Amino acid sequence: MTSATERAKRFQNELRSAGVRMTRQRVAILEVLAETDDHPDANEIYRRVFARDATVSLSTVYRTMRILEVSGAIHRHAFEDGRARFEHSDREHHDHLIDMATGKVIEFRSEKIERLQAEIAAELGYELIRHRLELYGVKKSAPRQCGDR
């Protein structure tokens, strides 16, 4: 696992490599992103950065996230709630379970699922290179909402 300080420095290097000037606002964005252990969207990142530096703009957050995504420093997830969410790319492989009642994203890893996916790919004549698995559900004790399948 990479520390937040190391991750923030790596993010800064990615932006510099892309020719982006390191402003105080961008440094704050990178620090917030490096410290996060959840899956925030751009608005949530903006809210967290704004608490540190009220001069930051939402457009700067969007531009910064896009550069980091293109460089491979972060992953963008487009879960069914319609919001693009982000996470660090230096995490070990994992899958996601999205709680449809709360929007909470739960990370998990299952060797059983990993083996099954590889077996399915092999049976179809493929070698699995990568995958993303997103499961959507509600806790059994939670009441179902209209429109839930």
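**Helix α5.** I began with helix α5, residues 111-123, and compared its length with expectation: its 13 residues reach 18 Å from the first C-alpha to the last, close to the 18 Å expected at 1.5 Å a residue. I keep in mind throughout that this is a predicted model. I then looked up the buried residues of α5 and found E114, Q117 and A121. These cover an arc of only 65 degrees around the axis, which puts them on the same side of α5. When I asked what covers the buried residues of α5, the answer included strand β3 (95-99). After the helix comes G125, whose phi is positive, near 85 degrees.

**The chain as a whole.** I stepped back to the overall layout and counted five helices and five strands in the protein chain, which run α-α-α-α-β-β-β-β-α-β from the N terminus on. Along the principal axes, the C-alpha atoms fill a box of roughly 50 × 40 × 25 Å. Of the 149 residues in the chain, 33% are buried. I also looked at contact range: among contacts between residues at least 6 apart in sequence, 49% join residues at least 24 apart.

**Helix α4.** I ran the length check on α4 (residues 58-71) too: its 14 residues should span 20 Å at 1.5 Å a residue, and its end C-alpha atoms are 20 Å apart, which agrees. The buried residues here are T60, V61, T64, M65 and L68. They lie on the same side of α4, because the arc they cover around the axis is only 130 degrees. I listed what covers these buried residues, and the list includes the helices α1 (4-17), α2 (24-35) and α3 (42-50) as well as the strands β1 (74-78) and β2 (84-88). Following α4 I found G72, with a positive phi near 90 degrees.

**How α2 packs.** Which residues of α2 meet α4? I found R26, I29, L30 and L33 on the α2 side, facing T60, V61, R63, T64, M65 and L68 in α4. The two helices pack at an angle of about 60 degrees with their axes 10 Å apart, and α2 and α4 are therefore oblique to each other. I recorded the crossing of α2 past α4 as right-handed.

I then turned to α2 and α3, whose axes come within 9 Å and cross at roughly 115 degrees. That makes α2 roughly perpendicular to α3. The contact is made by Q25, A28, I29, V32 and L33 of α2 together with I45, R48 and V49 of α3. The crossing of α2 and α3 is right-handed.

Leaving aside residues up to four places away in sequence, A8 touches L30 and A34. I also took the separation of A8 from T102: they are 94 residues apart in sequence and 29 Å apart in space, C-alpha to C-alpha.

Definitions and conventions
Residues numbered from 1 in each chain as written. Predicted model: local features only at pLDDT ≥ 70, side-chain atom pairs only at ≥ 80, totals over all residues. Heavy atoms only, no water. Helix = DSSP H or I, 4+ residues; strand = E, 2+ residues; numbered from the N terminus. Expected span 1.5 Å × (residues − 1). Buried < 20%, exposed > 50% of the residue type's maximum accessible area, 1.4 Å probe, protein only. Arc of directions from axis to C-beta. Contact = heavy atoms within 4.5 Å. Axes fitted to C-alpha atoms, helices over the stretch in contact; angles between N-to-C directions. Parallel < 35°, antiparallel > 145°, perpendicular 65-115°, else oblique. Left-handed = near helix turned anticlockwise from the far one by under 90°.
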